[in-house]
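Take a look at the structure first.

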Amino acid sequence: MSFPAAARRTLADSQQRRNIGKATSTIRAKREVARECCGFGGVFAVKNADTSMAMLSDKLRHVLDTGAEVCTSADNSCLMSIGGALRRQRAGVRTVHIAEILAAQE
Amino acid sequence: MKGFPAAAHDTLQDAQLRRNIGKATSTIRAKRELAVGEVPDWEALRDAGAAIKARAMATLPEQLERLEASVTRAGGVVHWARDAAEANRIVAGIAHDHGARELIKVKSLATDEIGLNTALAAEGIDAIETDLAELIIQLAGEFSSHILVPAIHKNRAEIRTLFERTIAKGEHLGWEAKDIAEAARRHLREKFLTVPLATSGANFGIAETGTICVVESEGNGRMCTTLPEVLVTVMGIEKILPEWRDLEVFLQLLPRSSTAERMNPYTSLWTGVREGDGPKEFHLILLDNGRTDVLADEVGRQALHCIRCSACLNECPVYTRVGGQAYESVYPGPIGAILTPQLRGLGEAPTLPWASSLCGACYEVCPVKIDIPSVLIHLRARVVKEEKSHASPEHLAMAAIGKMFASPKRYERAQHLAKLGRGPLGHLGGSVPMLSGWTAMRDLPDIPDQTFRDWWRER
């Protein structure tokens, strides 16, 4: 479970965060690692591509270190960025939006 | 100035620097979280800190005049400096009056900001840094990379080699940190005891009493503020606190946020001069250097609340990768990205407001709750409005995307066009030259067969 960036700002209510955490209580990365920004940030990834890639490289390493098959987040943009890099590397890890997991549990 | 993207491109190549900074900041991050967690009313303290600073800034002219009166009453001399050149001239003048060829310095960002050391060198006066990390930077002829730990990008072996080339020439220093520090201690002790003139910055200046406060960890500041005959303090006007009682809040917020200590080892407070105790002459230089311009911006002015703790640097995923030198300013990291363009003028540092992914980690840890992400977005808008051409491809693309996102109908139409490979979203699947930074490491997603809205309607 990745809990980065904009997701933290928009989900200010910690009860919301806990609910989502409960619903996805499978494999979770260490908090320090999970909450660090993946380096997308909209135009940031284009205007500061080198810095963005340095951040994303670390994020990918942390994702792969968990050994998880699925990486999820509440933020679609983060998933697009992380997912795009996982695909490029053919890492065998899928990205799934948290809403898809919640919908599957209905 | 190269601009942030180019400067960051350079610093990112230095693997040693990235390792040094990454290691140091992750240690301090963990410690800060523990130190802050111990305080049950931390959030209330942050609110109090923000409120005191807001009051100080709203009543700044009145507070500065109160400070001037109380410092003068206590036997100090107050000078007003509009900009860096004026402040440097005042310090050089005081040095000349006393025939001083050397001057010892307490670590101070304000004096770094105005380039005091270079200005004094041009006048034949040697400014000696006495903070260990500042000394390292000075000896190496480099620029600081962190507000609090300027030599954070250097490791022990690099510092040992540097000392053996400079202050401990011909000696072989041990490998232990204390052996290396001992060389600096011997070098500095002699300066403390012989140089008659010192400069400092100010963490806080209290209008009510005329008291100046410097907090530090090494004790070099205490030496500089007590041993010399003459002390000159350069204080940014935003460092003012209206009342003595305000200090209590900041002496709790600052150490825990910056060094993760419950209390910093040395807190020096002085009020004017006193017969037989400390310097015989005290000068306070009140420095504007762009600060009143910052105050005029209703959104950006909160940058002036900063107490220079550096928690936002340590927390920032951008800073911890690129280091301080990529920001090309005395003030690096998230706070630098909002302070530098405002102090120098947007045209002087137009790339800095974009030096952030807006993740918000800086805002979460700021002890005085400066909403850095909001100020960054505000400054981006100002740069676009005031500095950029409105005919650039970027501006036109943004305008088109803005229109598309403005109404749900238009957005939906764009989504359907995208499936046919047309419209603003349709280029996602192909290669878009403007996005080359994105595609260097990532594949673009396929356009899904069904949009979320269509799926939702079918349920």
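Q: What makes helix H19(B) and helix H20(B) roughly perpendicular?
A: The axes of H19 (residues 393-406) and H20 (residues 408-419) of chain B come within 5 Å and cross at roughly 110°. Angles of 65 to 115 degrees count as roughly perpendicular, under 35 as roughly parallel, over 145 as roughly antiparallel and the rest as oblique, so H19(B) is roughly perpendicular to H20(B). Axes here are lines fitted to C-alpha atoms, for helices over the stretch in contact, with angles from 0 to 180 degrees between N-to-C directions. Helices are DSSP runs (H or I, at least four residues), numbered from the N terminus.

This is a predicted model, where local features need pLDDT of at least 70, side-chain atom pairs count only at pLDDT 80 or more, and totals for chains, interfaces and linings use all residues. Residues are numbered from 1 along each chain as its sequence is written, chains are lettered from A in the order in which they are written, and side-chain values use heavy atoms, with hydrogens and water left out.

Q: Which residues make the contact between H19(B) and H20(B)?
A: From H19(B) come B:Lys403, B:Met404, B:Phe405 and B:Ala406, and from H20(B) come B:Pro408, B:Arg410, B:Tyr411 and B:Ala414. Contact means heavy atoms within 4.5 Å.

Q: Why is B:Thr11 called buried?
A: Buried means under 20% relative accessible area (exposed is over 50%, partly exposed in between, using a 1.4 Å probe and protein chains only). B:Thr11 has 11% relative accessibility, so it counts as buried. You'll find B:Thr11 in helix H1 (residues 4-12) of chain B. Leaving aside neighbours within four places in sequence, B:Thr11 is in contact with B:Leu17, B:Val322, B:Gln325 and B:Ala326. The side chain of B:Thr11 also reaches the backbone oxygen of B:Val322 at 2.8 Å.

Q: How do you know that B:Arg308 is buried?
A: The relative accessible area of B:Arg308 is 10%, so B:Arg308 is buried. B:Arg308 sits in the loop between helix H13 (291-295) and helix H14 (311-315) of chain B.

Q: What makes the pair B:Arg308 and B:Glu238 a polar contact?
A: A polar contact is a pair of N or O atoms within 3.5 Å; within protein, one must be able to donate a hydrogen and the other to accept it, and residues adjacent in sequence count only if both atoms are side-chain atoms. The side chains of B:Arg308 and B:Glu238 make such a polar contact, at 2.9 Å.

Notes: Helices (H or I, at least four residues) and strands (E, at least two) are DSSP runs, numbered from the N terminus.
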